[in-house]
Amino acid sequence: MSLFNLAVLISGSGTNLQAVIDAVEGGIIPNARLVPVISDREGVFGLERAKKHNIDNMVINKNDTALLHNTLKSYNTDGIVLAGYLSILPPEIISTYDGKIINIHPALLPDFGGKGFYEIKVHQAVLASGEKVSGATAHLVDNGIDTGPVLVRGTVPVLPDDTAESLQKRVLEKEHIVLVRAVKALADGEVDSLKKNPLTLQ
Ligand code: GRF
């Protein structure tokens, strides 16, 4: 069985990327090959993580759709993981890889998602809402923002003395678990069954 070629798109520290790298190298996701790692900006630590694991990596401007499309094609990309990727994918890329693009969001979608809900802003909104539970959601990417079918979600408690930062840290750890499970499903061809019965991890 040929390996599932997974491109990983990042914009920052790459802790989600690292979780997927560890899962592939550790045999949890045996059917995937991670290449390339593409950042939309220079100098992010996620690129260092790729280098350390000898994974081809490059910076591609979010507006350079042709370069992004040709780069993915040149690596025979089968699927794409948005691991803390902060740019919006061009519609041409979404249609080319329809049903094969996974995003990780640091909240329980459909709540606290959509335009403006990213990074610390998500957790500030959760705290302001008084919700006692938050978490992370891995979903398929469609042409909306954080609106595609949910595949896996994981919950975390919101504690009375939480700050946005302490909640972000707790959610980020859950993101790693949720993303790895969703990426495994993508590489193993299980996405359709997860779409019908999304997983909730405690
Ligand atoms: C984090 O805020 C995470 O919630 C979101 O992207 C940001 C950076 O994640 N998914 P990473 O450490 O770069 O994976």
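Trainee: Let's begin with helix packing. Which residues of α1 meet Gly-46, Arg-49 and Ala-50 in α2?
Mentor: On the α1 side they are Thr-15, Leu-17, Gln-18 and Ile-21. Sorted by class, the contact of α1 with α2 has three nonpolar, three polar and one charged residues. Keep in mind that this is a predicted model.

Trainee: Noted. How do the axes of α1 and α2 sit, and at what angle do they cross?
Mentor: Helix α2 covers residues 45-52, and its axis comes within 9 Å of the axis of α1, with a crossing of roughly 20°. That angle is under the 35 degrees cut-off, so α1 is roughly parallel to α2. The crossing of α1 past α2 is right-handed.

Trainee: I'd like to stay with Gln-18 for a moment. Is Gln-18 buried or exposed?
Mentor: Gln-18, which sits in helix α1, has 17% relative accessibility and therefore counts as buried. Setting aside neighbours within four places in sequence, Gln-18 is in contact with Arg-49 and His-53.

Trainee: And how far is Gln-18 from Gln-124, going by C-alpha atoms?
Mentor: Their C-alpha atoms are separated by 25 Å, and the two residues are 106 residues apart along the chain.

Trainee: OK, next helix pair. At what angle do α1 and α6 cross?
Mentor: Helix α1 (residues 15-25) and helix α6 (residues 164-187) cross at roughly 45°, and their axes come within 9 Å. That makes α1 oblique to α6. Here too the handedness can be stated: α1 passes α6 in a right-handed crossing.

Trainee: Which residues make that contact between α1 and α6?
Mentor: From α1 you have Thr-15, Asn-16, Ala-19, Val-20 and Ala-23, and they meet Leu-172, Glu-175, His-176, Leu-179, Val-180 and Val-183 in α6. By class, the residues of the contact of α1 with α6 are seven nonpolar, three polar and one charged.

Trainee: What does Ile-102 touch, leaving aside its neighbours in sequence?
Mentor: Beyond four places in sequence, its contacts include Ile-80, Val-81, Leu-82, Ala-138, His-139, Leu-140 and Val-141. Also among the contacts of Ile-102 are Leu-151, Leu-179, Ala-182, Val-183 and Leu-186.

Trainee: Switching to strands: where is His-105 found?
Mentor: His-105 is in strand β5, residues 101-105. With 3% relative accessibility, His-105 counts as buried. Apart from neighbours within four places in sequence, His-105 is in contact with Phe-112, Gly-113, Phe-117, Val-122, Gly-135, Ala-136, Thr-137 and Asp-146.

Trainee: And Asn-5, is that one buried or exposed?
Mentor: Asn-5 counts as buried, at 10% relative accessibility. It lies in strand β1, residues 4-10. Outside the four places either way in sequence, Asn-5 is in contact with Arg-33, Tyr-75, Asn-76, Thr-77, Asp-78 and Gly-79.

Trainee: What about phi of Phe-112 and Glu-119?
Mentor: Phe-112 has a positive phi of about 55° although it is not a glycine. Glu-119 is another residue other than glycine with a positive value, near 50°. Phe-112 is in the loop between β5 and α5, and Glu-119 is in the loop between β5 and α5 as well.

Trainee: Last one: what is the relative accessible area of Glu-119?
Mentor: It is 45%, so Glu-119 is partly exposed.

Definitions and conventions: Residues numbered from 1 in each chain as written. Predicted model: local features only at pLDDT ≥ 70, side-chain atom pairs only at ≥ 80, totals over all residues. Heavy atoms only, no water. Axes fitted to C-alpha atoms, helices over the stretch in contact; angles between N-to-C directions. Helix = DSSP H or I, 4+ residues; strand = E, 2+ residues; numbered from the N terminus. Parallel < 35°, antiparallel > 145°, perpendicular 65-115°, else oblique. Left-handed = near helix turned anticlockwise from the far one by under 90°. Contact = heavy atoms within 4.5 Å. Nonpolar A, V, L, I, M, F, W, Y, C, P; charged D, E, K, R; others polar. Buried < 20%, exposed > 50% of the residue type's maximum accessible area, 1.4 Å probe, protein only.
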